Amino acid sequence: MTGAGRRALAWAMFASALCLVAGALTLFALSSDSPSNTYGFRGGIPFVTVALATTGALIALRRPEHPIGWIFLAVALVSGIQSAEQEYAVYAEYERGGEIPGGVVADWVDSWIWVPITGTIAIPAFLLFPDGRLPSPRWRPVLVAGIAGIVVWTVTFALYPEETSALGTVNPFGADSLEPLLNVLLGLGGLLFMGSMLLAALSLVLRYRRASDEARHQLKWFAASAVFVGLAFMLNGVSSESKLISSLVLVSFATVPVATAVAVLKYRLYDIDVVINKAVVYGALAAFITGVY
């Protein structure tokens with residue numbers, strides 16, 4: 001792909017993520033009084049999406065060969081889809097009383113789409129930060145295991161016969177006959193997913209210990225964010241029903257693009273501070289308008 005094509009793709013992904021967020025916030029405003037059991041707190045995911053999309057676009061536009069920017073943009077797109085379908089599910093079923101179609105299916109998507117979102121941030125992005133390469137070839141099995149865990153968990157949650165997230169309805173695509181197998185896959189996927197995530201966070205700590213002074217400045221915020229994500233996930237495993245802890249998980253993932261932005265702005269990590277000043281002004285303005293809206 002040419003340089004112009006990459007830039008066009010980055011802008012398209014960024015704009016698409018923001019459009020999905022705008023749709024989600026519109027639906028949220030239309031059904032703000034409706035009850036729901038969404039993960040964390042309603043309205044939290046759109047802001048995570050904006051943070052990911054903004055940081056991803058800044059990196060992808062200046063350093064299109066670096067995978068981190070594209071990873072953030074891809075995750076922002078999927079996170080935007082989650083924001084929109086989650087709010088649509090609440091609006092369709094609670095605000096409109098099921099008069100419009102697709103609410104239950106949208107809620108089903110919400111029951112599994114979080115896996116590739118969180119997994120991609122917590123495993124590939126952690127392992128490839130900051131230079132876009134693994135710390136060493138010995139870490140390749142961790143990356144492969146993490147991707148396998150993401151796939152296994154995504155399929156398992158999509159088919160598991162249980163209540164869905166925001167609405168509490170039964171999974172419309174649940175496979176009751178496969179529940180014994182799904183229980184096995186749930187454990188296997190969890191082992192691969194969680195183990196790879198913790199090892200990916202550890203890789204950042206090891207990078208920090210072996211890095212030069214300049215590289216340590218580049219890594220310290222991101223490494224702290226990685227540890228925060230790992231601890232929040234562990235707490236969530238202990239008390240998955242706690243709204244406080246689930247909100248903490250959302251906040252922890254929001255710190256990842258923030259930490260990356262700090263590395264970019266303060267420590268010239270991707271050498272884009274020459275072109276970033278205007279983008280920061282526009283991004284801050286967009287965030288302010290979104291918050292007021």
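R63 is partly exposed, because its relative accessibility is 27% (buried means under 20% relative accessible area, exposed over 50%, partly exposed in between, with a 1.4 Å probe and protein chains only). The model is predicted: local features need pLDDT of at least 70, side-chain atom pairs count only at pLDDT 80 or more, and totals for chains, interfaces and linings use all residues. Residues are numbered from 1 along each chain as its sequence is written, and side-chain values use heavy atoms, with hydrogens and water left out.

**Salt bridges**

The whole structure holds three salt bridges, each defined as a side-chain nitrogen of Lys or Arg within 4 Å of a carboxyl oxygen of Asp or Glu.

| Salt bridge | N to O distance |
|---|---|
| R63 and E65 | 2.5 Å |
| D131 and R133 | 3.5 Å |
| D131 and R207 | 3.6 Å |

Helices here are DSSP runs of H or I with at least four residues, numbered from the N terminus. Salt bridges join D131, R133 and R207 into a network.

**Nonpolar core**

A nonpolar core is a set of buried Ala, Val, Leu, Ile, Met, Phe, Trp, Tyr and Cys residues joined through side-chain atoms within 4.5 Å. The largest one has 61 residues, and L73, F126, L127, F129, L204 and F233 have the most contacts inside it. Helix α5 gives the most to this core, with nine residues. Leaving aside residues up to four places away in sequence, F126 touches I121, A200, A201, S203, L204, F222, A226, V229 and V256, where contact means heavy atoms within 4.5 Å.

**Aromatic pairs**

Nine aromatic pairs are found in the whole structure. One of them, W153 with F157, is edge-to-face, at 5.5 Å centre to centre and 75 degrees between the planes. Rings of Phe, Tyr and Trp (its six-membered ring) pair if their centres lie within 6.5 Å; planes under 30 degrees apart count as stacked, over 60 as edge-to-face and the rest as tilted. Both W153 and F157 belong to helix α6, four residues apart, about one turn of the helix. W153 is buried at 10% relative accessibility, and F157 is buried at 16%. Ring pairs also link W114, W153, F157 and F193 into a cluster.

Definitions and conventions
Helix = DSSP H or I, 4+ residues; strand = E, 2+ residues; numbered from the N terminus.
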